[in-house]
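Please work through the following exercises on a single protein chain. Each task is followed by a solution in steps.

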Amino acid sequence: MKKTSNLAASAALLGAAALLAPAVRAAEPAPLPKELPPYGADAPLPVPAIAKSTLPNGLTVWIVKRPGFPKVSAVLAVRGGTAADPAGMEGVAGLLAATMKEGTAKRSSRRIAEELQAVGGDLSVAASADAFYLRGSALASGLPSLLELLADVARNPAFTPGEVDLAKENALQEIEAQEATPEYLAARAFAKAVYGSHPYHVVSATRETVGRVAPALLRAEHARRFRPDSALLVLAGDLDEAAAKAAVARAFGGWAATGSPVPSTPPSPPARGREIFLVDRPGSVQSTVVAGRPGPDVSDPDWYDVLVANTIYADAFGSRLVRNIREEKGYTYSPSGDFATRRAGSLLEMRADVRNEVTAATLLEVFYELDRMAATTPTPDELAGAKRYQAGLYLLRNQVQEAVSGTLARNWVNGLPPEALGEFVTKVNAVTADGVRAAGRKHFLSSSQTVVVVGDAKEARAQLELFGKVVDVKP
């Protein structure tokens with residue numbers, strides 16, 4: 001777009017601001033009483049001793065001793081989630097995860113449940129963009145049984161016709177329910193707009209994918225993805241290291257890989273110039289507004305700067321965007337911001353459901369707050385509050401045993417070493433105001449955002465055209 005067009009667009013936006021969003025700024029919040037004691041420093045999460053080993057078949061094993069409560073947790077992470085779905089079968093990973101626990105070559109789903117109950121345990125299977133996660137827990141005395149069940153589900157799922165048909169029926173019902181919500185329509189349209197043909201564009205299975213699923217196809221996909229040399233097993237809890245290693249060898253030692261490993265996911269595409277997409281939802285009384293763009297890898301030097309910057313911008317209840325469009329303007333009840341990290345990149349995203357008549361006014365404020373991240377440095381209180389928020393959440397979440405094993409597994413999937421578990425708080429606290437502003441200039445400019453609005457086109461189109469060309473899409 002030419003500079004003259006930019007000037008004209010700026011003038012139009014200023015006019016829109018006068019009509020749609022009167023600049024009535026609420027008074028600054030009152031400071032806390034001076035007599036309150038200062039916040040204490042957040043201590044880094046101590047990294048427990050991790051016994052690392054690799055079985056002859058390539059399975060990586062991390063054992064974390066946490067004595068005390070007589071319980072153990074296990075996470076088996078296998079690389080190759082929805083990003084590894086074959087062309088034309090996008091979303092099949094979700095159906096694979098849904099059917100794996102419903103019976104193996106040796107056990108029915110009922111027997112699996114009964115054996116878990118006998119050791120006070122549970123077991124779940126889920127697929128993310130980059131991996132499958134099999135999570136289980138049990139009383140410490142039941143570790144051998146838990147590992148045997150976990151290995152059986154991971155290695156020998158039966159995919160019986162009856163269970164596959166039930167999973168397909170459930171998936172179709174879920175799709176129908178999701179498609180009735182603007183949130184789901186926005187998520188699908190936004191992923192397609194940001195990622196295009198990149199594997200991360202997959203949000204869920206489609207009806208076409210569900211229709212093609214058969215037991216033989218699931219067996220082939222399972223054999224292609226589930227390999228010990230692409231997997232990590234994390235054990236955490238009150239356990240004996242030698243006995244745990246012996247139980248792991250018995251349960252997983254016979255697991256063998258076939259064929260070639262799943263290819264690595266290519267890097268996320270870079271952010272483009274501003275694009276605006278509209279999904280027509282006739283009769284809707286609200287517009288669901290989503291704006292965002294790809295962000296850095298978790299291994300990039302500015303990842304922590306972006307994390308703190310996004311907290312100041314939208315990812316906390318006291319963030320700038322929440323104060324602006326919720327507290328001051330009353331456009332929405334619960335705007336939110338997210339910073340989702342994957343192995344091949346991250347995604348910055350905000351979302352708000354707003355009244356039809358303030359769609360443009362909301363987007364104007366979103367752009368204002370995005371550009372303010374680049375144009376200004378955060379105040380000392382903003383910076384301290386964002387760092388305290390992220391560090392505190394991390395420490396709180398990882399007090400739970402299952403969370404520690406889950407964090408270690410997720411870090412491994414994203415390419416981080418086990419030591420990253422204890423580095424989070426230190427690196428968050430090292431973020432500076434200049435680092436936040438630099439992240440704002442690099443990742444938050446409104447001119448680099450992809451925008452998706454789901455709403456009644458008759459109400460929303462003219463408002464969105466104030467900001468540029470509007471492209472109609474179907475999710």
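This is a predicted model: local features need pLDDT of at least 70, side-chain atom pairs count only at pLDDT 80 or more; totals for chains, interfaces and linings use all residues.

**Exercise 1.** Determine whether I175 is buried or exposed, and describe its surroundings.

*Solution.* 
Step 1. Locate the residue: I175 belongs to helix 5, which covers residues 161-178.
Step 2. Take its relative accessible area, which is 4%. Because buried means under 20%, I175 is classed as buried.
Step 3. List its contacts, leaving out residues up to four places away in sequence: I175 touches A205, T206, R207 and V210.

**Exercise 2.** State how many cavities of 30 Å³ or more the model contains, and characterise the largest cavity.

*Solution.* 
Step 1. The count is two cavities.
Step 2. The largest cavity has a volume of about 50 Å³.
Step 3. Its lining consists of A291, G292, R293, N310, Y313, L348, E349, M350, L370, H443, F444 and Q449.
Step 4. Strand 8 (286-295), helix 10 (303-313) and strand 10 (345-355) are the elements that each give two or more residues to this lining.
Step 5. By residue class, the lining of the largest cavity comprises six nonpolar, four polar and two charged residues.

**Exercise 3.** Describe the volume and lining of the second largest cavity.

*Solution.* 
Step 1. The second largest cavity holds about 30 Å³ of space.
Step 2. The residues V194, P270, A271, R272, E275, P294 and T450 line the second largest cavity.
Step 3. Sorted by class, this lining has four nonpolar residues, one polar residue and two charged residues.

Note on methods: Residues are numbered from 1 along each chain as its sequence is written. Side-chain values use heavy atoms; hydrogens and water are left out. Helices (H or I, at least four residues) and strands (E, at least two) are DSSP runs, numbered from the N terminus. Buried means under 20% relative accessible area, exposed over 50%, partly exposed in between (1.4 Å probe, protein chains only). Contact means heavy atoms within 4.5 Å. On a 1 Å grid over the protein atoms alone, a cavity is a set of points where a 1.4 Å probe fits but cannot get out, and a pocket is an open set with protein on both sides within 12 Å along at least five of seven lines; lining residues have an atom within 4 Å of a point. Grid points are joined across faces, edges and corners, and a volume is the space filled by probe spheres set on the points. Ala, Val, Leu, Ile, Met, Phe, Trp, Tyr, Cys and Pro count as nonpolar, Asp, Glu, Lys and Arg as charged, and the others, Gly among them, as polar.
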